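Subject: Structure handover

Hello,

Here is the structure for your files. Notes on what was found in it follow below.

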Amino acid sequence: PHAPYPSGTFMYPYQGFDVVEVWNGQWSSDVPWQADNEAALAEWGRSLAADIRQGRWRPAIGNSDTHLEDQIGIPHTVVLADELSADAVLAGIRAGRSWIAASGAVELSFTVSAGQHVAGIGERLKIGSEPAVVRVDVRGVPSGKVSFHTGKGKAYRASLPDTGSGTVEWHTSAEDSAFIRIEVRDLKGHMAALSNPILLA
């Protein structure tokens, strides 16, 4: 929605769209995360809380382009599907069971648990008044930063070790927000991964 060329900004509401591309391939440098992506992510993030309250939210996706050499797959959407078929992949995208990676070197696992119940990306977890444990496992982002985002904005931030592999846990409740999503940025502050939300009820 914020392509960096004249008339490249999408000026209409997202109503009627199934997903929003918040991360597009680089246009003019070797940096995979640029200002147009930051603007698209901010706009999608601001609308997420209102959309969830209305009962229909639009998942975020990321796609590479072919503006530059060796650009395919930087970034790409990782879909959590029941099987490797077109129908299952599309169902995973529609449900928001996906996350976006800067490259194939980045791995991510994101869950929220309460008692014996666990939910993953794009799923809903009924937790009532129980405390919820948010867990993120990241690989491939040395000295990166993981931030947890709710309807109130950035709620928590933690550092990853120099090895690039680590686990971060955070505790919250449904009273604090109706959802949690995460962002992982590298040492230079460029996006390495971001997720669709896990919904809390």
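The model is a predicted one. S113 is found opposite V133 of strand 8.

Next, the cores. The largest nonpolar core counts 29 residues, and F110, V112, F148 and V184 have the most contacts inside it. At least two of its residues come from each of several strands, including strand 5 (107–114), strand 8 (132–139), strand 9 (145–150) and strand 12 (179–185). Beyond its neighbours within four places in sequence, F148 touches V134, V136, G153, K154, A155, Y156, V168, W170, I180, R181 and I182. A separate core of 19 residues has W33, L41, W57 and L194 among its members.

One arginine also deserves a note. R58 is located in the loop that links helix 1 (35–53) to strand 2 (60–63). Its relative accessible area is 9%, so R58 counts as buried, the cut-off being under 20%. The R58 side chain forms a polar contact with the side chain of D51, at 3.4 Å. Neighbours within four places in sequence aside, the contacts of R58 include Y14, Q15, F17, D18 and W44.

Regards

Note on methods: Residues are numbered from 1 along each chain as its sequence is written. This is a predicted model: local features need pLDDT of at least 70, side-chain atom pairs count only at pLDDT 80 or more; totals for chains, interfaces and linings use all residues. Side-chain values use heavy atoms; hydrogens and water are left out. A nonpolar core is a set of buried Ala, Val, Leu, Ile, Met, Phe, Trp, Tyr and Cys residues joined through side-chain atoms within 4.5 Å. Buried means under 20% relative accessible area, exposed over 50%, partly exposed in between (1.4 Å probe, protein chains only). Helices (H or I, at least four residues) and strands (E, at least two) are DSSP runs, numbered from the N terminus. Contact means heavy atoms within 4.5 Å. Two strands pair if DSSP finds at least two bridges between them. A polar contact is a pair of N or O atoms within 3.5 Å; within protein, one must be able to donate a hydrogen and the other to accept it, and residues adjacent in sequence count only if both atoms are side-chain atoms.
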